[in-house]
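We will go from stop to stop, selecting a few residues each time.

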Amino acid sequence: MAESLSPIGLLMAGSTSISNVVKDISAKKVVDHHELFASAFWIRLFAALTFLAALGWRVMSGNTPHFRNDGGQYFGIEGMLLGPMPTYLSYLTIEVLLVAGSTLLYFRAIQITPISLCMPYISFTPVFLIVSSKIVNHESTTLEKGVGVMLIFIGSIAMHRLLFSNGWLEPIKAIWRERGCFYMLLVAVVNAITNPIDARLVRMTDAFVQSTAFGLGMCVFFSVLLIGSKADAGKVIRSVPFWVVLAGVLEAVALIFQLSSHNYIAVVYTISIKRAGIILVILLGWIVFKEKNISDKLIAASVMLIGVLIIYLPVTLAQALMIAALAIAGMLLAFYFTRPEAEIAA
């Protein structure tokens, strides 16, 4: 894995973030007022078709798909080495099953909860990634990362700051009551497991082969769900064909850029840049879906984003504490100047 901040890798990570933001908005357009399994099937189908087209273009350009014996120790277990193909297929199967489950949680979250409220909770991915990296890759954490985790937690609580008037624990309870936020936390847990698997699979093949294999696996999974549920798939494609195609294509584009970036920069850099798009998602939730209380969400999400950056940027403990202090002070000032009229009158 490359550790330098390659300009190409950063460009790919930035493209991942932008594609992912527009995909999120498109996906919400699809799942709103439509059956979940049918919506997921169509989005994954068009994503798979895009992956196949990209792989076909790659092959026609003279790049022959291949597998490398770069799987390493299986899930970091000492002395457990498998052949290239068994390693690849087992990792791929695990990834497809995990991501399929998280996809359902993700779509359900944006279906029942304002996207500007639930999406910031995906920022917990790097928090859980610290734990998974410790287990899988035996990577140790630092106090600097702990400061970043603290900011992400503070931002998540501040998202519900108006509830403090009902009790100090109410903002924490709100995360559970607002099921979309809780579902997105579960998605973050799954992401923390699958992100390292993604990087390992790409090193065994390349971004195009891996994305196509993953896309086809997801398409098969949701085809089975669709048949089993007997949902009306035709209604979705007839109602919102543009948003279905856009969500599927951008799902594929974002993943291809993300997987390609793993060859140039570390996974954690790609994911942190990808998550920076949360701010844009909140703004688009306000513009496109007319969601309310946007200022509180934007302020809190900005603090969470700073926490993500502290986790991954090369900062000292003193610098991390200074940045955190400035972020919290800025958040309090922003909350003061954007407080509701009722608070001002009181």
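A residue counts as buried when its relative accessible area is under 20%. Keep that in mind as you explore this predicted model.

Stop 1: Select C181, which has 0% relative accessibility and so counts as buried. Are they bonded or apart? The search of the whole structure turns up 0 disulfides. C118 has C181 as its nearest cysteine, with the sulfurs 6.2 Å apart. A disulfide requires the two sulfurs to be within 2.5 Å, so the 6.2 Å between C181 and C118 is too far for a bond.

**Stop 2: the core.** Next, colour F107, I110, Y121, F124 and M184: within the largest nonpolar core, which has 95 residues, these touch the most other members. Zoom in on I110. Beyond its close sequence neighbours, its contacts include C118 from the previous stop, as well as M184, V31 and K28.

**Stop 3: a lysine over a ring.** Stay with K28 and show F289 as well. K28 lies over the face of F289, 5.5 Å from the ring centre.

**Stop 4: aromatic rings.** The structure has 10 aromatic pairs. Select F41 and W42, an edge-to-face pair with centres 5.3 Å apart and planes at 65 degrees. F41 is buried at 12%, and W42 is buried at 16%. For a tilted pair, go to W57 and F208, with ring centres 6.3 Å apart and planes at 50 degrees. This pair ties helix α2 to helix α9, joining parts 151 residues apart in sequence. W57 is exposed at 55%, whereas F208 is buried at 15%.

Technical notes
Residues numbered from 1 in each chain as written. Predicted model: local features only at pLDDT ≥ 70, side-chain atom pairs only at ≥ 80, totals over all residues. Heavy atoms only, no water. Buried < 20%, exposed > 50% of the residue type's maximum accessible area, 1.4 Å probe, protein only. Core = buried A, V, L, I, M, F, W, Y, C linked by side-chain atoms within 4.5 Å. Contact = heavy atoms within 4.5 Å. Phe/Tyr/Trp six-rings, centres within 6.5 Å; stacked < 30°, edge-to-face > 60°. Helix = DSSP H or I, 4+ residues; strand = E, 2+ residues; numbered from the N terminus. Lys NZ or Arg CZ within 6 Å of the ring centre and 35° of its normal. Lists of a residue's contacts leave out its neighbours within four places in sequence.
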